[in-house]
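Please read the following report alongside the sequence and the 3D structure. It begins with a helix and then turns to the chain, its cores and an aromatic pair.

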Amino acid sequence: MIKLLILDVDGCMSDGKIIYTADGLELKNFNVKDGFAIKAWVKMGHTAAIITGRDSTIVTNRAKELDIAHLYQGVKDKRAVAIAMCAELGIEPHEVAVIGDDLNDYNLMQWAGQAYTPQDGSEYLKAFADVLDRCGGDACVREMIEKVICRNGEEEKFLALWI
């Protein structure tokens with residue numbers, strides 16, 4: 001059973017585009033459907049984490065908004081961070097699902113029990129990960145979470161949050 005979701009931001013939670021204003025402010029867009037599913041995952045008593053290679057106040061704010069308790073930014077070795085976090089939480093690799101879209105996610109995704117990549121993810125990841133129908137930023141995280149919930153056998157628990 002999957003207990004922990006590890007999420008990448010650029011290319012998964014967002015479409016991977018970074019927009020800078022003339023004043024140098026960074027902008028990102030997030031899909032509300034992803035946020036809805038992440039919050040449901042946490043309400044179901046599971047854990048969510050973001051491990052990303054970039055640093056962004058926007059991501060800090062989004063993590064707070066979604067009740068994501070574990071946020072790691074500016075990470076070069078995502079697998080090492082995940083291993084340390086799981087040791088602290090008492091979670092085994094087979095209890096982890098990861099979504100990533102590019103080569104900096106490769107080692108982490110190889111390590112995890114379940115690996116997912118958006119439709120527009122790297123071909124190298126598609127060789128071993130479950131390829132989602134949706135692209136990054138287009139509710140692919142929601143799609144992944146619903147697949148994990150089904151594989152966990154938790155559809156009734158998920159639906160009970162809303163009906």
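This is a predicted model: local features need pLDDT of at least 70, side-chain atom pairs count only at pLDDT 80 or more; totals for chains, interfaces and linings use all residues.

The expected span is 1.5 Å times one less than the number of residues, and helices (H or I, at least four residues) and strands (E, at least two) are DSSP runs numbered from the N terminus. Residues are numbered from 1 along each chain as its sequence is written. Local features need pLDDT of at least 70 and side-chain atom pairs count only at pLDDT 80 or more, while totals for chains, interfaces and linings use all residues, and side-chain values use heavy atoms, with hydrogens and water left out.

The buried residues of H6 are Cys-140, Val-141, Glu-143, Met-144, Ile-145, Val-148, Ile-149 and Asn-152, where buried means under 20% relative accessible area, exposed over 50%, and partly exposed in between, with a 1.4 Å probe and protein chains only. These residues pack against strands E1 (4-7), E6 (96-99) and E7 (114-117), and against helices H1 (32-43) and H7 (155-160). Just after H6, Gly-153 adopts a positive phi of about 75°.

The protein chain as a whole contains seven helices and eight strands. Its radius of gyration is 15 Å, close to the 15 Å that the globule rule gives for 163 residues, so the chain is as compact as a globular protein of that length; the radius is taken over C-alpha atoms, and the rule is 2.2 Å times the number of residues to the power 0.38. Along the principal axes, the C-alpha trace spans about 50 × 35 × 30 Å. Buried residues make up 48% of the 163 residues, and, of the contacts (heavy atoms within 4.5 Å) with a separation of 6 or more, 56% join residues 24 or more positions apart.

A nonpolar core is a set of buried Ala, Val, Leu, Ile, Met, Phe, Trp, Tyr and Cys residues joined through side-chain atoms within 4.5 Å. The largest such core has 28 residues, and those with the most contacts inside it are Leu-5, Leu-7, Ile-38, Ile-99, Met-144 and Ile-145. At least two residues of this core come from each of E1, H1, strand E4 (47-51), helix H2 (57-65), E6 and H6, with H6 giving the largest share, six residues. Apart from this core lies another, of 19 residues, including Leu-4, Val-81, Trp-111 and Ala-112.

Two aromatic pairs are present in the structure. In one of them, Tyr-106 and Phe-128 have ring centres 5.2 Å apart and planes at 80°, so the pair is edge-to-face. Rings of Phe, Tyr and Trp (its six-membered ring) pair if their centres lie within 6.5 Å, and planes under 30 degrees apart count as stacked, over 60 as edge-to-face and the rest as tilted. The partners are 22 residues apart, Tyr-106 in helix H4 (residues 106-111) and Phe-128 in the loop between helix H5 (123-126) and strand E8 (130-131).

Leu-108 also has its place in helix H4, and, leaving aside residues up to four places away in sequence, it touches Ile-6, Lys-78, Arg-79, Ala-82 and Val-98.

| Residue | Relative accessibility | Class |
|---|---|---|
| Tyr-106 | 32% | partly exposed |
| Phe-128 | 30% | partly exposed |
| Leu-108 | 3% | buried |
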